[in-house]
Amino acid sequence: MLFSKNPCNPRLKTHKLVGKLDGLWAFSVGYDYRVVFRFIDAEEVLLIDIGTHDEVY
């Protein structure tokens, strides 16, 4: 719910990725889980991967 209201809410720690994941974004779910996604447009995102930090990066 928090992400759908504001994907850049500071509580999510949303950030741009670089390197092999350049063009993608990620946010935190709890301490260890990350969601990797791409903005399609201002209203839509594509979820790419969900897992621990080591699994998705």
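Reader: Where does Leu-12 lie?
Author: Leu-12 sits in the loop between helix 1 and strand 1. Keep in mind that this is a predicted model.

Reader: Is Leu-12 buried or exposed?
Author: Buried. Its relative accessibility is 8%, and the cut-off for buried is under 20%.

Reader: How far apart are Leu-12 and Val-35 in space?
Author: Their C-alpha atoms are 10.0 Å apart. In sequence, 23 residues separate Leu-12 and Val-35.

Reader: Next, Lys-13. Where is that one found?
Author: Lys-13 is also in the loop between helix 1 (2-5) and strand 1 (15-16).

Reader: And is Lys-13 buried or exposed?
Author: Exposed, at 58% relative accessibility. So Leu-12 counts as buried, while Lys-13 counts as exposed.

Reader: What about the phi of Lys-13?
Author: It is positive, about 55°, and Lys-13 is not a glycine. Most residues other than glycine have a negative phi.

Reader: What radius of gyration does the chain have?
Author: It has 11 Å. A compact globule of 57 residues would have a value near 10 Å, so the two agree.

Reader: And what box do the C-alpha atoms fill?
Author: Roughly 30 × 25 × 15 Å, along the principal axes.

Reader: How much of the chain counts as buried?
Author: 30% of the 57 residues. Phe-27 is one example, because its relative accessibility is 8%.

Reader: Which strand holds Phe-27?
Author: Strand 2, residues 25-29. The C-alpha atom of Phe-27 is 9.1 Å from that of Arg-11, with the two residues 16 apart along the chain.

Reader: Helix 1 now. Is Lys-5 buried or exposed?
Author: Exposed, at 65% relative accessibility. Lys-5 has its place in helix 1. From Lys-5 to Val-29 the C-alpha separation is 15 Å, and these residues are 24 apart along the chain.

Reader: Surface next. Which residues form the nonpolar patch?
Author: Ile-40, Leu-46 and Ile-48. Together they have about 260 Å² of accessible area.

Reader: Where does Ile-40 lie, then?
Author: In strand 3, which covers residues 33-41. Ile-40 counts as partly exposed because its relative accessibility is 46%.

Reader: And Ile-50, which strand is that in?
Author: Strand 4, residues 44-52. Ile-50 counts as exposed, at 55% relative accessibility.

Reader: How far is Ile-50 from Phe-37?
Author: The C-alpha atoms are separated by 9.0 Å. Along the chain, Ile-50 and Phe-37 are 13 residues apart.

Reader: Where is Glu-55 found?
Author: In helix 2, residues 53-56. Glu-55 is exposed, with a relative accessible area of 56%.

Reader: Why does 56% make Glu-55 exposed?
Author: Because exposed means over 50% relative accessible area, and Glu-55 has 56%.

Technical notes. Residues are numbered from 1 along each chain as its sequence is written. This is a predicted model: local features need pLDDT of at least 70, side-chain atom pairs count only at pLDDT 80 or more; totals for chains, interfaces and linings use all residues. Side-chain values use heavy atoms; hydrogens and water are left out. Helices (H or I, at least four residues) and strands (E, at least two) are DSSP runs, numbered from the N terminus. Buried means under 20% relative accessible area, exposed over 50%, partly exposed in between (1.4 Å probe, protein chains only). The radius of gyration is taken over C-alpha atoms; the globule rule is 2.2 Å times the number of residues to the power 0.38. Patches are made of residues with over 30% relative accessible area and no salt bridge: like charges are joined within 9 Å, nonpolar side chains (Val, Leu, Ile, Met, Phe, Trp, Tyr) within 5 Å. Accessible areas come from the Shrake-Rupley method with a 1.4 Å probe; for residues, only the protein chains shown count as cover. A salt bridge is a side-chain nitrogen of Lys or Arg within 4 Å of a carboxyl oxygen of Asp or Glu.
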